[in-house]
Amino acid sequence: MAKISMIVNGNPVNANVDPRTLLVQFLRENLRLTGTHVGCDTSQCGACVVHLDGKAVKSCTTLAVMADGHEVKTIEGLAADGAPLHPMQEAFREHHGLQCGFCTPGMIMTAVDLVHRKGHELSDEVIREELEGNLCRCTGYQNIVASIAAGAKAMAKSDLA
């Protein structure tokens with residue numbers, strides 16, 4: 001067993017884990033943060049995207065021990081309990097950027113990372129390129145792209161950006 005310590009959604013977490021435990025397994029099974037989904041186990045679909053020290057990573061191919069000493073943010077940590085939704089979450093709701101919702105947490109976490117890296121004015125082309133590692137099996141992506149563009153602009157006006 002390996003002893004790990006990290007900050008998850010602003011809270012200190014300490015645990016003993018098998019060194020082979022994936023970050024997605026640790027989040028879902030140990031911490032019961034089930035917003036992070038497992039879609040493919042091969043880093044192809046993006047349903048498992050979380051932020052590690054502020055950068056998007058696919059938690060299905062990241063070992064929990066690799067997060068030791070770092071900060072992890074999941075979809076549950078984007079907005080505080082009882083607080084309004086994060087601007088990107090609100091944009092997905094407002095612009096119908098989801099259908100079944102399975103890919104949505106990973107899409108939103110990827111989108112927030114995209115805004116942090118590329119800014120608040122994003123073209124459809126840039127958004128589509130950046131979503132290359134995120135799959136949605138329900139939509140034609142148009143509403144997802146529109147949601148991300150709107151969310152990026154809303155983040156410019158928000159303290160939660």
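1. In the hairpin formed by E1 and E2, two residues lie between the strands, and Asn9 adopts a positive phi near 50°. Strands (E, at least two residues) and helices (H or I, at least four) are DSSP runs numbered from the N terminus. The model is predicted, with local features needing pLDDT of at least 70 and side-chain atom pairs pLDDT 80 or more, while totals for chains, interfaces and linings use all residues. Residues are numbered from 1 along each chain as its sequence is written, and side-chain values use heavy atoms, leaving out hydrogens and water.

2. E1 (residues 2-8) and E2 (residues 11-17) run antiparallel and are joined by seven bridges, with Ser5 opposite Asn14. E1 also pairs in the parallel sense with E5 (residues 71-73) over two bridges, where Val8 stands opposite Val72; pairing requires at least two DSSP bridges between the strands.

3. Five salt bridges are counted, each being a side-chain nitrogen of Lys or Arg within 4 Å of a carboxyl oxygen of Asp or Glu. One of them links Arg20 to Asp18, with the closest N and O atoms 2.7 Å apart; Arg20 is exposed at 67% relative accessible area, whereas Asp18 is partly exposed at 24%. Here buried means under 20%, exposed over 50% and partly exposed in between (1.4 Å probe, protein chains only).

4. Glu130 forms a salt bridge with Lys118 at 3.5 Å between the closest N and O atoms. Because Glu130 lies in helix H4 (residues 124-130) and Lys118 in helix H3 (residues 104-118), the pair ties together parts 12 residues apart in sequence. Salt bridges with shared partners join Asp113, Arg117, Lys118 and Glu130 into one network.
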